[in-house]
Amino acid sequence: MSPIKILSVDDEAPMESMMKQFFRRKIRSGEYEFYFARNGVEGLDILKGTPDIDIILLDINMPEMDGLTMLAKVNEMQNPALRVIMVSAYGDLANIRQAMNSGAFDFVMKPINLADLSMTIEKAIEQINYVHESQKEHSQLESLKKDLTMARDIQQYFLPQMFPPFPEDSDRLDIYASMEAAKDIGGDFYDFFRIDDDHIAFVIGDVCGKGIPAALFMAVSRTIIRSKGAQCGTPGSCMTESNRLLEAYSADCMFVTVFYAIYNTKTGIVTYANAGHNPPHLLRNDGTVEELPRSNNIMLGVFDMTAFEEDSLQLESGDTLVMFTDGLTEAMNLDETEFGTGRLKMTLGGLVGKSSQQIIGGVRAAIKDFTDGAEQSDDITMLVVKRK
């Protein structure tokens, strides 16, 4: 442990020998390390050469530069851990008050009671240690914040960002997606990938919880589902195999809700399996909005299941499938009222004929207007697929 460095600035010659004699044991043990100056000018020179001084014992009345002037110079150094203890003759209360108002930590009177000075120094050391610990915690938080920012960037890069994702099908399929995390990083995800010339897979998921654990489980979930989606021929079998692996990897009762679908680019038929996720909404070309039936399937990662049920729907020209996580419908305003499926349906009904990107923009604008500055409490993710 480094010694506490104490600078005594006093024009009285006996001060140095008195300090060395009284604190000799702490000096020998390496607890204290003393420096001595006869005036403020010498004191500042020592501070420049030894910037890690912890405590200054500062006499007020000195030649060349008095203690109050030096105190002002010390304040300009902006060292939050440095503690200044003023030393002055009895009766000099006006200068002592000025020094205390200018940021001095404490004061002692001459002739100095060394036992009292020792207690004052120990009290200053407690404050110094507290400041150093706070600075250490602040540095750790800044480092963590930097790591989280990098993790957020990696997570965003992890999700598909190029639109349109399938240029060869852009004349008959319009896809757009967005993920807005409640914290630096989130547990929501979306994905899409081609299975063969005529089939494209879509997936949206929501991991329980938030922050780093949810983000890590999200990455594992997305990777497994994408891998099994390329191997399995149906949404049900993909969810079954993905669940088997996620149940084995799941820790601390983590799980993920998933809507996984396979879209036939020629026929417009969507075959899907819903693993405990919010039912997507279907915006028909005539402006009607339908909520897909709720599924009996459980979420992934809870326990092993033999099979997941499937269903299907037909996307006609101009129809749009809107997939989202519960952070959308559960977004709350300042009165803690949720946005809800009713407002979502009303909003979607007013976006008929719009592109997938415009639909997502319209819904996000409606949520922003509704929440009216309330803090976002959950990740909000949308994946929109429109048949042209």
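What volume does the largest pocket have?

## Basis of the model

This is a predicted model, in which local features need pLDDT of at least 70 and side-chain atom pairs count only at pLDDT 80 or more, while totals for chains, interfaces and linings use all residues. Residues are numbered from 1 along each chain as its sequence is written, and side-chain values use heavy atoms, without hydrogens and water.

## Largest pocket

The volume of the largest pocket is about 260 Å³. Its lining comprises 15 residues, of which Ile367, Lys368, Thr371, Gln376 and Ile380 are closest to the centre. Helix H11 (residues 356-371) gives the largest share of this lining, four residues. By class, the lining holds five nonpolar, five polar and five charged residues.

On a 1 Å grid over the protein atoms alone, a pocket is an open set of points with protein on both sides within 12 Å along at least five of seven lines; a cavity is a set where a 1.4 Å probe fits but cannot get out, and lining residues have an atom within 4 Å of a point.

## Cavity

The whole structure has one cavity of 30 Å³ or more. The largest cavity, of about 30 Å³, is lined by residues including Met15, Met19, Leu57 and Asp10. Six nonpolar, one polar and one charged residues make up that lining.

## Helices H3 and H4

The axes of H3 (residues 40-49) and H4 (residues 67-76) come within 9 Å and cross at roughly 20 degrees. The pair is therefore roughly parallel (angles under 35 degrees). Gly40, Gly43, Leu44 and Leu47 of H3 meet Met70, Lys73 and Val74 of H4, with contact meaning heavy atoms within 4.5 Å.

Note on methods:
Axes fitted to C-alpha atoms, helices over the stretch in contact; angles between N-to-C directions. Helix = DSSP H or I, 4+ residues; strand = E, 2+ residues; numbered from the N terminus. Parallel < 35°, antiparallel > 145°, perpendicular 65-115°, else oblique. Points joined across faces, edges and corners; volume = space filled by probe spheres on them. Nonpolar A, V, L, I, M, F, W, Y, C, P; charged D, E, K, R; others polar.
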